[in-house]
Every structure is written in C-alpha cells, then in structure tokens.
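Q: I would like to learn how to read a structure one feature at a time. Could we go through this one together?

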Amino acid sequence: MREARGSKRRRRDARHSGGGFVRNWLPLLLVVALLASGLAAYRYEWGQRYLPWLAADPATEPEQVLLPAGLDLPEWAAPATPATVADVATIVPDRVAGALGADLADPDLGRHVVGAVSSLDPGSEAWTSGDGRFLPASTTKLLTVGAALEALGPDHTFTTRVVRGDAPREVVLVGGGDPLLASQPLTVAEAATAYPVRADVATLALEVADALGGGGRVRVRYDDTLFTGPTDNPAWRRDYVPDDIVSPITALMVDGGVAPDGLSRSDDPSRAAADAFAEALRAAGLRVVGEPRRDVVRPGAEQLAAVEGAPLAQVAERVLDVSDNEGAEVLAHHVGLATSGTGSFEAGAAGVLATLAALGIDVSGDEVYDGSGLSRRNRISTSTVLGLLQRAAGPDAGPDADPDADPDADPDSAALRTLVTGLPVAGFTGSLTYRFDEGPALARGLVRAKTGTLTGVHALAGIAVDRDGAPLAFVLAADRVAPEDRYDAQDALDRAAGSLATCRCSRTPG
C-alpha cells in the first residue's frame with residue numbers, strides 16, 4: 001500500500017475509532033495473529049517447547065504425533081506377501097509397464113523420457129523405457145555421495161585446524177574441506193534439533209585464544225590449498241557463480257559460502273571464512289592486527305587447535321536431503337583426493353566414475369563433469385543409477401550386515417547404506433516435502449527419491465515400496481521439457497513414481 005493511501009486510511013480510522021475499529025479490524029487481526037503464530041510454531045517449534053499439551057512426544061508417543069497440515073493419508077493395510085531379505089522379490093515387467101505407461105507418455109514430459117525399474121537384488125532383471133541415457137541434474141549427487149562413502153568410508157570426518165605461522169603471534173587457519181563448517185556455533189535451541197552437528201570457527205577461535213594465553217595481538221593467515229584448480233567449474237553456465245546460484249568451491253568455506261547478509265554468496269569463501277575466524281578471535285579477547293592473508297602452512301607447523309565435523313554418513317544424508325550443491329562439490333573434490341591425490345573438479349568427476357566402476361557398476365557410457373549435477377554436459381545411464389541403488393539397498397546392506405557370518409554378504413553395501421537413508425521421503429522431508437500432492441496418496445511415505453531439476457530437466461531416482469511390500473529401485477527422467485510445462489512435467493513424474501506404490505509389480509519365489 002502506498003504511503004499517501006495509508007495516510008488517508010489512518011485519518012479515516014481516527015475519525016471512526018472505538019466500536020468501528022473493533023467491529024472491522026479485530027477479526028482481521030485475529031486471523032493475522034493465528035497465521036503468525038502458526039508460522040512461528042513451524043519455524044521455531046513453539047508447539048513442543050512452549051505449548052507441550054498440544055504436541056505428543058515422538059519418542060514415547062509416536063502414534064499420537066499429528067500429521068503435517070493438509071496431509072491426508074489412506075488407511076494402512078498390511079502387504080499381501082511381504083518380501084524379506086531371504087526371499088527377494090523380482091519385478092514383473094508387464095505390470096511395471098502397465099503402471100507407468102500412461103504417466104510416462106504424458107506430453108508435458110517432452111520428447112525424451114527414460115525410465116527403469118528393478119528389484120534391489122544386484123544384477124536382477126530391469127524394466128526399461130527409452131534409450132536409458134539422460135541429463136541427470138541433481139540426481140548426479142547419488143553418484144557423488146555413493147563414491148564418497150565408498151572411497152572415504154561412512155565414519156570419515158573433516159578437520160579444520162589452526163597452526164602457528166612463520167612469524168611470532170601469527171596463526172594460520174587451515175581448511176580441511178569440511179562441507180558443513182559454520183561461522184558460529186548453534187544456539188542451545190538449534191542444537192536440540194539440528195542434524196548433523198556442525199563444527200564452527202568461533203569455537204575454534206576460543207580454543208586458539210586459550211592456547212595463546214587469552215590475550216595479546218595476533219595476525220591471521222589462511223591456507224586453502226587442499227583443493228586445487230578453478231573454484232568455478234568450467235562445465236557450468238558462466239552465470240552460475242556471478243549470479244549466486246552456487247558458491248565458488250574451496251577447501252575453506254563457512255555456511256556453504258553464503259555471505260554474512262544471508263542473501264548472497266561470497267566471491268571468495270576462503271577469505272570470508274578467515275574474516276569470520278578473525279572476528280571470533282576478537283570476540284575471544286585477542287587483538288587482531290591487519291587483514292587475513294592467504295598463506296601455505298610449512299610442514300610440521302605446531303597445531304594450536306582443531307575442530308572436527310560430523311561423520312561423512314551424516315553429511316551425506318544432509319547433502320541428499322536438501323540437495324546441497326556446495327556440499328556435493330566438496331565431497332567430489334575429496335573423492336578426487338582419495339583416488340588421485342588431487343582435489344579438483346576434474347579429478348573429482350573422474351574419481352567418482354572410477355570408484356563406481358570398482359564396485360562393479362558399468363559406467364562406460366557415462367559422462368560426469370561435476371559433483372552437484374549443475375553441469376548440462378553430464379550424461380548418465382539409468383542402469384548406473386539402478387546399480388548404485390541396488391548396491392546401497394540390497395539384501396546384504398545395512399548396519400547388521402556381517403561379512404564374517406555371511407561369506408556372501410557385500411561389505412560395500414553397508415558402507416553405502418546412507419545413500420538410502422538420506423533420500424527424501426515423498427510428502428514429508430527435504431526436497432520432496434511439498435511434492436506428490438497429486439496422484440496416489442499412498443505414495444506419500446512409500447517413495448523415497450532424489451530429485452533432479454534444471455531448466456528443461458526433471459528427474460526422480462530412488463526406492464518405492466509396492467503393494468506387496470517389495471522395495472523397487474527406479475529412475476524416471478525427462479530432459480527436454482518445455483519451460484512452460486515444468487510444473488506439469490514434475491507432477492507427471494511424481495504420479496509415475498506414486499504408481500509404483502500402488503502396483504503389484506513384483507513376485508516372490510515360490
């Protein structure tokens with residue numbers, strides 16, 4: 001509302017105050033208050049913290065926890081013939097074709113549509129549609145995360161250090177490529193619900209101040225040489241970094257490269273991290289002299305302090321759940337380091353494919369240029385994604401897999417299990433929270449999938465549980481969608497994935 005109109009409105013309200021105000025404005029104010037309180041309850045979790053009688057405890061009363069607003073699920077029914085680890089189901093291709101045919105033929109999906117469905121048994125028969133090769137967008141993150149888990153191990157952590165510099169009272173912040181390194185520690189309230197826990201440079205500064213005696217002057221230097229090569233991927237569109245679509249990728253980033261204003265991204269994330277560290281040193285009582293400068297740590301430098309990030313398994317779940325581009329690129333750089341000793345875009349992409357190939361997955365027709373899927377030059381096959389999902393979710397996977405007890409168990413499956421647990425749940429979590437509002441309601445909760453979205457590209461890849469209780473791996477993608485059809489194309493893929501949850505598309509032996 002313009003100010004001039006607002007002034008007239010205020011003068012009218014002044015002349016007609018009293019009962020008119022109550023009659024005309026009180027209902028509106030009540031509605032606004034209800035909306036505001038609802039938003040606050042969602043954002044700050046007031047329901048559980050300050051209105052405990054309105055919320056059940058999910059730990060002790062899970063059956064009493066209310067569904068998300070607007071979500072209406074059908075009555076649960078026991079599956080007719082549940083599949084077990086010992087009794088792995090196989091797909092019935094004709095039934096899969098019948099379930100997906102209409103949705104994949106939707107004209108809103110454009111001229112190039114691919115699909116593939118299989119059981120979770122590695123090497124099992126797959127139903128396929130289309131030529132199988134597609135532009136994957138963010139489903140590339142499945143490959144990146146899978147390779148990182150295999151190359152580094154799910155328990156691997158990332159350490160950010162501070163060492164003594166060459167000059168007296170000089171400290172060097174050394175980037176260890178922590179994808180989730182933060183500028184500030186979580187508040188008590190945030191720490192109660194945040195996942196995973198993040199290391200931060202403010203805590204690191206307190207430890208450094210303590211190591212230096214709690215006072216005096218200090219100069220700050222920073223070393224981000226763990227990663228090499230360009231920070232802006234040559235295979236990306238030229239406007240991605242300048243227009244803040246993605247941050248430059250370095251081994252020393254805080255808050256994913258997001259600038260302190262929370263609205264833009266830092267042009268130099270390493271320097272921004274060093275600035276945040278320097279400010280934290282000041283808050284800890286040290287007098288920081290000059291501006292932070294880039295440096296290279298000398299071998300054997302004395303370590304003053306260090307903070308360790310969350311295990312890779314937890315980082316991987318976060319990257320998949322929210323489709324974190326910067327996190328995926330940092331993980332890809334680590335894959336490059338693990339496989340070739342070089343942490344760069346090129347080495348990371350090559351390392352991802354080499355690691356998957358070593359798992360026995362055929363990647364011979366795949367082209368990968370980054371870890372996030374922002375590159376439009378990427379091309380992968382549906383069989384690659386199915387093979388990876390089968391490895392991660394197959395009958396030998398999971399924390400209970402014991403290679404000593406079962407000689408045929410696949411140890412790689414247990415390492416890759418996070419690839420499944422990190423997949424967003426349709427209608428509930430991550431990038432699928434507001435998806436699957438059309439099609440079978442049964443799919444909400446029975447489909448877990450990684451999304452992939454670029455201009456003209458829509459993809460889903462994950463696991464759906466069919467009506468007989470059999471989990472099915474699937475890949476659905478369309479990469480020539482007209483811009484005006486993007487929402488309809490997305491809905492069509494959601495319906496197709498949802499159809500797997502309503503289909504009796506599998507059979508069990510015997």
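**Reading backbone and helix features**

A: Let us start with D244, which is found in the loop between β7 (217–223) and α8 (269–283); helices (H or I, at least four residues) and strands (E, at least two) are DSSP runs, numbered from the N terminus. This is a predicted model, in which local features need pLDDT of at least 70, side-chain atom pairs count only at pLDDT 80 or more, and totals for chains, interfaces and linings use all residues. Residues are numbered from 1 along each chain as its sequence is written, and side-chain values use heavy atoms, with hydrogens and water left out.

Q: Which peptide bond is cis?
A: The peptide bond from Y195 to P196 is cis, and its omega is near -5°. P196 is found in the loop between α6 (188–193) and α7 (201–211).

Q: How should I read the packing of two helices?
A: Two packed helices are described by the angle between their axes and the distance between the axes. The axes are lines fitted to C-alpha atoms, for helices over the stretch in contact, and angles run from 0 to 180 degrees between N-to-C directions. Angles under 35 degrees count as roughly parallel, over 145 as roughly antiparallel, 65 to 115 as roughly perpendicular, and the rest as oblique. Here, helix α5 (residues 140–152) packs against helix α10 (residues 325–340) at an angle of about 40°, with their axes 9 Å apart, which makes α5 oblique to α10. The crossing of α5 past α10 is left-handed, a word used if the near helix is turned anticlockwise from the far one by less than a right angle, whereas clockwise gives a right-handed crossing.

Q: Which residues of α5 and α12 meet?
A: L142, L143 and G146 in α5 meet T384, V385 and L388 in α12, where contact means heavy atoms within 4.5 Å. By class, this contact of α5 with α12 has four nonpolar, two polar and no charged residues; Ala, Val, Leu, Ile, Met, Phe, Trp, Tyr, Cys and Pro count as nonpolar, Asp, Glu, Lys and Arg as charged, and the others, Gly among them, as polar. The axes of α5 and α12 come within 10 Å and cross at roughly 45°, and the crossing is left-handed.

Q: Where is T384 placed, and is T384 buried or exposed?
A: T384 has its place in helix α12 (residues 382–393), and T384 counts as buried because its relative accessibility is 0%. A polar contact of 3.0 Å joins the side chains of T384 and S381; such a contact is a pair of N or O atoms within 3.5 Å, where within protein one must be able to donate a hydrogen and the other to accept it, and residues adjacent in sequence count only if both atoms are side-chain atoms. Not counting residues up to four places away in sequence, T384 touches L143, I361, D362, V363 and D366.

Definitions and conventions:
Buried < 20%, exposed > 50% of the residue type's maximum accessible area, 1.4 Å probe, protein only.
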